[in-house]
Amino acid sequence: EGTRKGRQEIYGEILADVEGSLWTWEIIENHRVTIGEAPKEFDRIVVAIDPPGSTGKRSDETGIVVVAVKGEHYYVLEDASGKYSPKSWADRAVGLMEKWSADCIVVERNYGGDMVRTTLENSDQKVRIVEVTSRRGKVIRADPIVALYERGLVHHVGDKLGDFEDQLLSWVPGNDSPDRLVAHV
């Protein structure tokens, strides 16, 4: 229940790869690890956040993804994306930083960076924020991440990443990009 396999087995959904998508089910599933198979300690853990420009029924979700690295391998630990008010997404990101003993929260500087920084600092004055600037399109930023997946260097931990994985598998370059994917790349 609550997994992609469950959707197929329990509900009879046919979940095929989307033509043109950068990610395939095979490159995700072939390198998935269980919680017990994941390293106990990591070299670095980050919480990445991609908040929407507004809140409301029609606004985008806030992408919040926790990723760790050990050596040359990357581990997607948790997806906490959802519809949040600014205070709620800041509290959620700071809470995940504490839960996972993360090194920092990564935010985009060029799209509301000052607002995101201020909102996070209002939640916790001691939070460490790393700003990145995305000057290039989403496809150009996603390509190297997909290459890591194809080389077997990215591992989804456990099977509780259904909505996150659905966004990766259904995004076709040129379409609006999902928030979880943006936070991830």
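## Pockets and buried sites in a predicted chain

Five elements, namely β1 (44–50), β2 (63–70), β4 (104–108), α5 (138–150) and α7 (179–184), each contribute two or more residues to the lining of the largest pocket. The coordinates are a predicted model, in which local features require pLDDT of at least 70 and side-chain atom pairs pLDDT 80 or more, whereas totals for chains, interfaces and linings use all residues. Residues are numbered from 1 along each chain as its sequence is written, and side-chain values use heavy atoms, with hydrogens and water left out.

**The chain as a whole**

The chain holds 7 helices and 6 strands, and from the N terminus on their order is α-α-β-β-β-α-β-α-β-α-β-α-α. Of its 185 residues, 48% count as buried, a term that means under 20% relative accessible area with a 1.4 Å probe and protein chains only. Among contacts (heavy atoms within 4.5 Å) with a separation of 6 or more, 65% are between residues 24 or more positions apart.

**The two pockets**

A pocket is an open set of points on a 1 Å grid over the protein atoms alone, where a 1.4 Å probe fits and protein lies on both sides within 12 Å along at least five of seven lines; lining residues have an atom within 4 Å of a point. The classes in the table put Ala, Val, Leu, Ile, Met, Phe, Trp, Tyr, Cys and Pro under nonpolar, Asp, Glu, Lys and Arg under charged, and the others under polar.

| Largest pocket | about 730 Å³ | 27 residues | 18 nonpolar, 3 polar, 6 charged residues |

The largest pocket, with a volume of about 730 Å³, has V106, I145, A183, H184 and V185 as the lining residues closest to its centre. Its largest share of lining residues, 6 in number, is supplied by β1.

**Helix α6 and E165**

Helix α6 spans residues 162–170 and includes E165. Because 7 of its 9 residues are buried, α6 is largely enclosed by the rest of the structure; those buried residues are G162, F164, E165, D166, Q167, L168 and L169. E165 has a relative accessibility of 3% and therefore counts as buried. Its side chain makes a polar contact of 2.9 Å with that of R32, where a polar contact is a pair of N or O atoms within 3.5 Å, one able to donate a hydrogen and the other to accept it. Leaving out residues up to four places away in sequence, E165 touches W25, I28, R32 and H156.

**Strand β5 and I129**

I129 belongs to strand β5, which covers residues 129–132. With a relative accessible area of 11%, I129 is buried, and beyond its neighbours within four places in sequence it is in contact with I105, V107, R117, L120 and E121. I129 and D103 are separated by 26 residues in sequence, while their C-alpha atoms are 9.0 Å apart in space.

Key
Grid points are joined across faces, edges and corners, and a volume is the space filled by probe spheres set on the points. Helices (H or I, at least four residues) and strands (E, at least two) are DSSP runs, numbered from the N terminus. Buried means under 20% relative accessible area, exposed over 50%, partly exposed in between (1.4 Å probe, protein chains only).
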